[in-house]
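The following exercises concern the structure displayed below. Each task is followed by a solution in steps.

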Amino acid sequence: MFLTCFRSDFSFLASVLYYSSIRMHRADTLDEADFLLTVTSSTVLLSDTRFLDGSWREALRMVSEVHPHVAALVVADAVERPFLLDSDVYALGACGILWKPLWIDRTIDFIRIANEAAENRAALHFSAA
């Protein structure tokens, strides 16, 4: 799931990931992301730092409160590096930051690692229940 209002970023990434057996959905808003995370059983959320109705903080908050098994990655421009690295991005639950321009091999690795983390969270939850 990619929470972004940039269709071109999504289209390119979704096409490339398709050939790596990773299916990607796109949401423009936080409500759309919440809905799609629910109905698609997505395990990873990529969030741009800003989108139509919020920022990465709201996206991470929604994931932690509503979809605690979903792993989140923040997608950011290099100019945002000082701000993000000095912020509480990891304390709010992000598993990592993907820096634009996205390097495909690194992005695929991050998504696969985040997916594995989400599956481990789900397994721990179900074994504790």
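**Exercise 1.** In which order do the five strands form an open sheet?

*Solution.* This is a predicted model, in which local features need pLDDT of at least 70, side-chain atom pairs count only at pLDDT 80 or more, and totals for chains, interfaces and linings use all residues. Residues are numbered from 1 along each chain as its sequence is written, and side-chain values use heavy atoms, with hydrogens and water left out.

Step 1. Strands are DSSP runs (E, at least two residues), numbered from the N terminus; two of them pair if DSSP finds at least two bridges between them.

Step 2. The order is β2-β1-β3-β6-β7, with parallel pairing.

Step 3. β2 (26–27) and β7 are the edge strands, each pairing on one side only.

**Exercise 2.** Identify the bridge partners that place β6 in the sheet.

*Solution.* Step 1. β3 (residues 44–48) runs parallel to β6 and is joined to it by five bridges. L46 has L73 of β6 as its bridge partner, and S47 has V74.

Step 2. Between β6 and β7 (residues 94–100), also parallel, there are six bridges. Here L73 stands opposite G96 of β7.

**Exercise 3.** Why is strand β6 described as largely enclosed by the rest of the structure?

*Solution.* Step 1. Buried means under 20% relative accessible area, exposed over 50%, and partly exposed in between (1.4 Å probe, protein chains only).

Step 2. Six of the seven residues of β6 (residues 71–77) are buried, so this strand is largely enclosed by the rest of the structure.

Conventions: Helix = DSSP H or I, 4+ residues; strand = E, 2+ residues; numbered from the N terminus.
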